[in-house]
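Hi,

Here is the structure I promised to pass on.

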Amino acid sequence: MAPSFGQRIGKAFLKATAFMNGIATVWTFLIMFLMTADVIGRSLFQHPIMGTAELVRISIVGIIFMHMPHTLWVGRHVRSEIILARLRATTRETLQIFMSIVGAAVFAGIVVSSWKPMITAWRILEYEGEGALRVPTYPIRTLIVVGSAFTATIFLYRAIEYLLKVFRAGKRAR
């Protein structure tokens, strides 16, 4: 049976999150090499790489928001399961529903509150830094919006997934 339109959209969505994660990973390694070269240049030659601090500062934000959706999807966020492990399955799933809805709301809030600053940043071609290097902020603002939208979508998907688990468990209990 051929995959439905919704399944194809879901698969494309997950490929996009994996792609963003891959780009963020490469970006992390590039920043790591830049920082290493800056430290070596500063220590051995008393000549740091100009603009390293500005690039690192702005890159961290972009990297985090590109990693976030995929990290959530694969369940690799740091969290404590001490309380969850002690709860009954239905209570645990109900709490997961609540936490997923809150997560979706938080990231949807980030999208809504970041939308206008992102548009303004693109309109005026906003830059940060006056020192050694001026770094454009509009791509990073876009990554915040896109990464947050993807993360909110995954949280919403998880909430529905947990809700269906609770519903199915309730049907079996009857």
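The buried residues of H4 are Glu93, Gln96, Ile97, Ser100, Gly103, Ala104, Phe107, Val111, Ser114, Met118 and Ala121; buried means under 20% relative accessible area, with over 50% being exposed and anything in between partly exposed (1.4 Å probe, protein chains only). Helices here are DSSP runs of H or I with at least four residues, numbered from the N terminus. An α-helix has 3.6 residues a turn, so residues three or four places apart point the same way.

Bear in mind that this is a predicted model: local features need pLDDT of at least 70, side-chain atom pairs count only at pLDDT 80 or more, and totals for chains, interfaces and linings use all residues. Residues are numbered from 1 along each chain as its sequence is written, and side-chain values use heavy atoms, leaving out hydrogens and water.

On confidence, pLDDT (the predictor's confidence in each residue, from 0 to 100) averages 91 over the chain, and 97% of the residues score at least 70. The mean is highest in H4 (residues 89-124), at 95, and lowest in helix H3 (residues 82-85), at 84.

Back to H4: this helix bends by about 40° at Ser114, with a proline, Pro117, following within four residues. That bend is the angle between axes fitted to the seven residues ending at a residue and the seven starting there. After H4 comes Leu125, whose phi is positive, near 50°.

Helix H1 (5-45) has its own buried set: Thr17, Met20, Asn21, Ala24, Trp27, Ile31, Leu34, Asp38 and Gly41. Just after H1, Gln46 takes a positive phi of about 50°.

Now the pockets. A pocket is an open set of points on a 1 Å grid over the protein atoms alone, where a 1.4 Å probe fits, with protein on both sides within 12 Å along at least five of seven lines; lining residues have an atom within 4 Å of a point. The largest pocket holds about 330 Å³ of space. It is lined by 14 residues, and the closest to its centre are Leu72, Arg79, Gln96, Phe155 and Tyr162. H4 and helix H5 (138-173) are the elements that give two or more residues to this lining.

The second largest pocket has about 190 Å³ of space. H1 gives the most to its lining, with six residues. Among the residues lining this pocket are Phe13, Trp73 and Tyr157.

Cheers

Methods:
Points joined across faces, edges and corners; volume = space filled by probe spheres on them.
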